[in-house]
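Trainee: Could you walk me through this two-part model before I start working with it?
Mentor: Gladly; let's open it and take it question by question.

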Amino acid sequence: MKLLRAEFENFRLLRDLRLEFSTDPARKLTVIRAANESGKTTILNALQWALYGDAALPGKGEEFRLHPIDWDASVKRRVPIVATVEFEVTKYRRSALGTRETRRRYRIVRTAFEEVDGRTSRRAHSEVKLYALNDTGVTPIEPPEAIINDELPPDLREVFFTDGDRALSFIEADVAVSTKRDRVQRAIRALLGLSVIEDAIYHVKKSSAEVNKQARAIGGGSDLNRIASRLETIDEDIAGLEGDLDDAKQQFEAFDEKVNETDRTIAATLRKGDKEKLQRDLEAAKRKIKQLDAQLEAAGKEHAALFRGRALATDLLAPVLDEAFGKLEALHDQGKIPSTTIPVLENRLSLNVCICGETLDPADAEGHRRRHHIERVIAESKRADAIQEMITDLYYGAKTLRPLGANTWLDEYKKVVASRDGLQDMRNDAGKEFRALEVQLDALPDTDIQGLREVLRDYKDQRDRFLSKKSTIQTQLGNLQRERQGLVQERDRLLREQKKGARVLAEAEVTQDVITVLQRAYDRITKEELAKVSDQMNANFLEMIGADPQQGAIIRRAEISPEFDILVYGPEERKLNPDRDLNGASRRALTLAFILALTKISEVEAPNVIDTPLGMTSGFVKRSILRTAVRESAQLVLFLTHDEIAGCEDIIDQAAGTVCTITNPAHYPKMLVNNPGVTERKALRCECNHRSECPLCQRRSDVRAELEMAS
Amino acid sequence: MADKYFNPFAAIDIYVPTEFHPDVVRFCQSGGNPVDQSPFPRMVDLWFAAVCVAARLNLKPAEIGGDVPTTKIIDGAIFGSDPWRVHTLMLLAIGKTGDVQIVSEPRKIMNLASGLAAAGLPKVIEMLKDGDGEAIWNLSEAVDGMLRKKSAA
């Protein structure tokens, strides 16, 4: 699918805006140049709203205003909001004459009305229409979602439409590990279109429930009936709980995100309010706590390792091992181990000289006779030697298990206790330090900050509530699944005893086998595709940052682990923390590398629309990110600031088929040279490319003024 | 050690009496349980600790199989990741039976170990549960006490 053009009406800053996108395969880049606060993110939201509806808006559209903020309700209270996107879908069909290509064009039109009443507004549910465009006119298509879901799967929305800053969400350190994993996992599973297998598993599970009903019917009032009924209830409970678990996971993730957003807002407010030192101290305290928590976790793992290590076995078993080694030593003293006869005799044969000095040369008659005798002795020894060899292996191989008299486990335990206690004390101190800073924060007269902290506390409570709900449901599910397993075994045993049970049992076994096969296929596909995405991401990433291990680069490789963590490795496979050890440019490169890898491996021909992809980057990395993105994407639409463009003009010259500029007239007079002559806030478009400017878009080069406006 | 003797238990399943299975699961991290409440990384680690504790306390191997319902926790291939455990089980069998030739009979060795594990499991579970702390600390203190007691003696 390729985007052709888009039109927006009364969508926030986009009162009346039309955009075209390049579809030329040789110049597949579209650049929309816009300074901060000119409507880049709004265009990204508007495109997604057109295609996916309210669910694609920030906060799923709740309390998200669509109409322009300066809308004059005294003239018209009911605001029509329209987003139109035209796109092209290419289908390929293999025939005897080769691959045939069919292109179809569509137009999707989403409309909504907002009633503006003073400072509030109400929005009715949006309406969407999809039309197929052809030479003779337009044909409506029903339902519109079917085409969109096929061509741009909603689960991959964030991969196709990416906010450069939000893209970091796949690796950002502040959100919970489970949140990051869920994001990566969801994106990968969505790209594989695994819903087909999920549906199949769902249907076979339903058949399994039918089989269970048959078992209940056979059972009459017996145990079989009771067990089958209980199984039915359990299956219903499991299905319900799985739904609840998904919901709790999503809620947890949403609140986790809100906690981090609010945290960032507080940090920004503190910096603005001249409380920079307090903010720095808070950040340092948080970092320290995070570091200590990681060390405590590692120390806990070391503690647990004591219960799988050999010291526990050797110390506990010391008396028994003494006995065993005593037996082996006795055999050693008797010369039975090590078994040396065969190697010595074999050695003499190879030397052609016997231990007694006589010849063993096969050419010599006597030598040949002696040789034959020795070979017979070796063969006999080998037969009796199998056990002796095992004992010899054990004697030498188990040397590290010999009790040394000292209690190794106790020493290791002592060290672990010292480490855990020491770290816990440090963690307690760090916690106190953090709380003291929070008290300082609470004492600030700044009402904005207090309000935000109130909100933060509320979000944290909600997040913790869903975390606890998640764990409770997981425990309940675990218990139910264990109970189910036991009951199935018992039901099958009872079915075997019944005459009519054989057929039902056979059906039960078949459905279970099918579920197992589907589940394995599901897991295997996930695993294999995960590896492909991981390799592609690594290739993109290393190219973007210019890391060459041969040249001693610190970053050696990146991968997605089987647990769906995005990991980065340095020399000697040392793990690097993407948050602490990577600079801003590398972090951005890593997430863009992941997004481009996902799009490529999905083999979905889809656009990548990315807002501010080159923020925080400069020089080689900036150019390299842009070059890689152009090469890897089927259609690349980038929203770039003037700063992002600087230094990349030649790449845009070569790769861009379409470039335009968007200007916010409200930037006059601080940042714009000329008065655009527009009183309302709206994004204005001109045809200026990345190298040119006109009276509308000509900007002052006062960076300070621009920063002030942006903040 | 020659490869063919590397893990003679690879094809033998490891069972625990079903009555202890819920506790075995509970005290292992396999299902994502937290370390302090579930000190054993894997079920086989708990099973092995039970073997060691039973041997340490000179417990008689419990009958396993027959009428006692059992649940498989894993197969012996798991020892491939900790080869020292193969040696330990062989030495334990020699020490307990006094017969060096037992090394050539992996099933006999595993039966003995499983019997010891079944006898040691209730003790290990008690060590995990008894105490004021979380399971990892209760167990650590119990092992500490067990080693010191015998060391002093």
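Mentor: In chain B, 71% of the contacts with a separation of 6 or more join residues 24 or more positions apart, where a contact means C-beta atoms, placed from the backbone, within 7 Å. This is a predicted model, in which local features need pLDDT of at least 70 and side-chain atom pairs count only at pLDDT 80 or more, while totals for chains, interfaces and linings use all residues. Residues are numbered from 1 along each chain as its sequence is written, and chains are lettered from A and ligands numbered from 1 in the order in which they are written.

Trainee: Which pattern does chain B follow along the sequence?
Mentor: Helices here are DSSP runs of H or I with at least four residues, and strands are E runs of at least two, numbered from the N terminus. Chain B has five helices and two strands. Read in order, they give β-α-α-β-α-α-α.

Trainee: What percentage of the residues of chain A is buried?
Mentor: Chain A holds 19 helices and 16 strands. A residue is buried if 20 or more other C-beta atoms lie within 10 Å of its own, exposed if 12 or fewer, and partly exposed in between. For chain B, with 153 residues, the buried part is 44%. For the 711 residues of chain A it is 31%.

Trainee: Which element gives the most to the side of chain B that touches chain A?
Mentor: On that side, 35 residues of chain B are in contact with 32 residues of chain A. The elements giving two or more residues to it are α2 (43–56), α3 and α5 (135–152) of chain B. With nine residues, the top contributor is α3(B).

Trainee: How do the residues of that side of chain B divide by class?
Mentor: Ala, Val, Leu, Ile, Met, Phe, Trp, Tyr, Cys and Pro count as nonpolar, Asp, Glu, Lys and Arg as charged, and the others, Gly among them, as polar. The division is 21 nonpolar, nine polar and five charged.

Trainee: At what angle do the axes of α9(A) and α3(B) cross?
Mentor: Axes are lines fitted to C-alpha atoms, for helices over the stretch in contact, with angles from 0 to 180 degrees between N-to-C directions. Helix α9 (residues 318–333) of chain A and α3(B) have axes that come within 8 Å and cross at roughly 85°. That makes α9(A) roughly perpendicular to α3(B), a term for 65 to 115 degrees. Residues making the contact include Leu321(A) and Leu92(B), and the crossing angle is roughly 85°.

Trainee: How many charged residues does the contact of α3(B) with α4(B) have?
Mentor: The axes of α3 (residues 84–97) and α4 (residues 106–129) of chain B come within 10 Å and cross at roughly 80°. Among the residues in contact are Leu89(B) and Lys96(B) of α3(B) and Ile109(B) of α4(B). By class there are seven nonpolar residues, no polar ones, and charged residues number one.

Key
Two residues are in contact if their C-beta atoms, placed from the backbone, lie within 7 Å. Angles under 35 degrees count as roughly parallel, over 145 as roughly antiparallel, 65 to 115 as roughly perpendicular and the rest as oblique.
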